[in-house]
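Thank you all for coming. I would like to take a few minutes to walk through one model, beginning with the overall picture and then going to individual side chains.

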Amino acid sequence: MSYVTPVMAVSTAMLSLIFDPWQEFGSSSYFDSSWHITRSTLLMLFGGMLAFFMVLTEYILVSVTSAVTVTIAGVVKEAVTIVVAVFYFHDKFTWMKGVGLMTIMLGVSLFNWYKYDKLQKGNLSENEISRSSTQNAAAKYVILEELEDQDDDP
C-alpha cells in the first residue's frame, strides 16, 4: 500500500490536470466565498479520509482473512445500499433490483452454508479458528516489521 498510493496520487493528479475543467472553479457556487471554499475543502478532506480508511480496513481484512470474505462483505454492502436507496431516498424498487437483491442473499447464504459445513467437517471450534487466524495475522505483521528493520540496516 505504501508503494502503490503515491503512484495512484500522482497519476490521478496528472489526469485531473488534463481532463478536469479547472477554468470553471471561479464561477462555481462551491468556491465563490471564503465560507464556501472552507466548507468544500473540509467536505473533500472528510471524503478523502473516509476513502483512505475504507481502503486501509479492506487491506487489513484481506491480510487477516481472505479475499473471498472481503468480496462477500462488498456484496452485502451493495445489498444495504439498495435497501437504503429504496427506503430512505424513495428510489423505485424495480424487478431488476429485486432479482439482484435475491441473488445477493442467495449467494451469501450459500457461502455461509459452505463455510459452516467446512467448519463442521474439520471439527474445529470457532474460537480455535479465530485464535489461529489472529495469531497468523500478528505473525505476518511482525515478520513485515522485521523485514523493514533489516532493510534499514547497512
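Predicted model: local features only at pLDDT ≥ 70, side-chain atom pairs only at ≥ 80, totals over all residues.

**Helices, side-chain pairs and a nonpolar patch**

Let me start with a pair inside one helix: K121 and D117 are 4 residues apart in helix α4 (residues 95–122), which means they are separated by about one helical turn. Residues are numbered from 1 along each chain as its sequence is written, and side-chain values use heavy atoms, with hydrogens and water left out.

K121 and D117 form a salt bridge, with their closest N and O atoms 3.5 Å apart; the term stands for a side-chain nitrogen of Lys or Arg within 4 Å of a carboxyl oxygen of Asp or Glu. Of the two partners, K121 is exposed at a relative accessible area of 64%, whereas D117 is partly exposed at 30%. Here buried means under 20% relative accessible area, exposed means over 50%, and partly exposed is what lies in between, computed with a 1.4 Å probe and protein chains only.

How many salt bridges does this rule give? The count is 2, and E78 and K77 also meet in one, at 3.3 Å from N to O. E78 has a relative accessibility of 40% and counts as partly exposed, and K77, with 46%, is partly exposed as well.

Stepping back to the whole chain, the protein has 5 helices and 0 strands, where helices (H or I, at least four residues) and strands (E, at least two) are DSSP runs numbered from the N terminus. Buried residues make up 10% of the 154 residues. The accessible surface comes to about 12900 Å², and carbon and sulfur atoms account for 70% of that, the areas coming from the Shrake-Rupley method with a 1.4 Å probe and, for residues, only the protein chains shown counting as cover. Among contacts with a separation of 6 or more, 42% are between residues 24 or more positions apart, a contact being heavy atoms within 4.5 Å.

On that surface, L15, L17, I18, F19, W22 and F25 form a nonpolar patch with about 690 Å² of accessible area together. Patches are made of residues with over 30% relative accessible area and no salt bridge, joining like charges within 9 Å and nonpolar side chains (Val, Leu, Ile, Met, Phe, Trp, Tyr) within 5 Å. One of its members, L17, lies in helix α1 (residues 4–19) and is exposed at 61% relative accessibility.

Next, the aromatic pairs, of which there are 2. Rings of Phe, Tyr and Trp (its six-membered ring) pair if their centres lie within 6.5 Å, and planes under 30 degrees apart count as stacked, over 60 as edge-to-face and the rest as tilted. F52 and F53 are edge-to-face, at 5.2 Å centre to centre and 70° between the planes. The rings of Y88 and F89 have centres 4.8 Å apart and planes at 85°, so this pair is edge-to-face too. Both Y88 and F89 are exposed.

Finally, where does D91 sit? D91 is in the loop between α3 (67–87) and α4, is partly exposed at 36%, and touches A85, V86 and K97, leaving aside residues up to four places away in sequence.
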